[in-house]
Amino acid sequence: MNLHVVIGFGPAGAATARLLAERGHTVRVITRSGRGPEPGIEHVALDATDSERLTEAVRGAAALYSCGAPPYHRWASEWPPLAASLRATAEATGAVLVMLGNLYGYGPVDGPMTEELPLAATGTKGRVRAAGWEQARDLHEQGRIKAVEVRASDFFGPGVTDGGHLAARVMPPVLRGKSVSSLGDPDTPHSWSYVPDVAAALAEVAGEERAWGRAWHVPTAPALSTREMVDRLATEAGTGPVAVRRLPSAVLGLASLFSPLLRELKEVRYQFDRPFVMDASAYEAEFAVRATPVEEQVKATVEWWRERLATAG
């Protein structure tokens, strides 16, 4: 089987690496600190912005998966050098560059988001993410690299913790039957991308040459509001009904004084104050991966969090 190299071991990187290993591929994961041994996966400690060292680690690989991310509040300074290193490595090695993207690049839009929308974000984080893809696409069109981007909405599911809007701030209180705070309007429709589906899409497009050279949306279940998702989680957990309250702007503003993450979320608050709906029909018309039914997503997520909290004591 082929060598596949995954940058980053957060929820999406870990799910992708484990899926590839399950399929019999040789998998190498690159992170700054490395990790202990794991069946089927080689963990390597390496700074991915060092393109020379990264090239040596990737040489011979069929695909290079960009699943790593700098801390949220350092995107503007750290995304560009990371993306540049990945492009240089893809060019030097010939590995397909499979980029995990998000929806920030579109900025606020009216109606469902499709891949044909312009990358018109004016915020810093949206422009940084859009530029990373635009530069990779330009190199692809020049024939210098092979590149594809898979865009996901907010992550949901097992393995999603501090960075998820339905994760660390929501699941512990849900499992205790306590109320939940929402960063925006809890009743506006929102797309939630299930992490195993993200991994499956990344793995699929890596081997589909007809997918390369453009962006695709991860197959994602129909949009549900934060309140609807919390209701489903609480029902599965047997703790419902659970109250969902919008976090007052004054409280959010005060909390942001002490939290870099909350400060940075101001730029993308529109995603929770208005419908944020992703259309993945283009992907589904061409490829095999489909969104996991919401009921299965919710069941797996509740089980994962129960085990996590029980282990933590």
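These are my notebook entries on the fold of one protein chain, taken from a predicted model.

**Entry 1: overall dimensions**

I began with the whole chain. I counted 12 helices and 11 strands in the protein. I then looked up the radius of gyration, which is 19 Å; the globule rule gives 20 Å for 313 residues, so the protein is as compact as a globular protein of that length. The C-alpha trace spans about 55 × 40 × 40 Å along its principal axes.

**Entry 2: burial, surface and contacts**

I checked burial next. Of the 313 residues, 53% are buried.

In what order do the seven strands of the open sheet lie? I read the order as β3-β2-β1-β4-β5-β6-β10, and the pairing is parallel. The edges are β3 (41-45) and β10 (215-217), each of which pairs on one side only. I also took the angle between neighbouring strands of this sheet: on average they are turned by 20° against each other, direction ignored.

Strand β6, residues 147-151, runs parallel to β10 and is joined to it by three bridges. In this part of the sheet I found Glu149 opposite Ala215 of β10.

**Entry 3: helices on the sheet**

Which strands does α1 lie across? I listed β1 (3-7), β2 (26-31), β3, β4 (63-66) and β5 (96-101). The helix runs at about 170° to β1. I then turned to α3, residues 75-93, which also packs on the sheet. Helix α3 touches β1, β4 and β5, and its direction makes about 175° with that of β4.

**Entry 4: helix α1 itself**

I went back to α1 for its geometry. The helix covers residues 11-22, which is 12 residues. From first C-alpha to last it reaches 16 Å, close to the 16 Å expected at 1.5 Å a residue.

Which residues of α1 are buried? I wrote down Ala12, Gly13, Ala14, Thr16, Ala17, Leu19, Leu20 and Ala21. Last, I looked at what follows the helix: Gly24 comes after α1 and has a positive phi, near 95°.

Note on methods: Residues numbered from 1 in each chain as written. Predicted model: local features only at pLDDT ≥ 70, side-chain atom pairs only at ≥ 80, totals over all residues. Heavy atoms only, no water. Helix = DSSP H or I, 4+ residues; strand = E, 2+ residues; numbered from the N terminus. Expected span 1.5 Å × (residues − 1). Buried < 20%, exposed > 50% of the residue type's maximum accessible area, 1.4 Å probe, protein only. Pairing = 2+ DSSP bridges. Axes fitted to C-alpha atoms, helices over the stretch in contact; angles between N-to-C directions. Contact = heavy atoms within 4.5 Å. Rg over C-alpha atoms; globule rule 2.2 N^0.38 Å.
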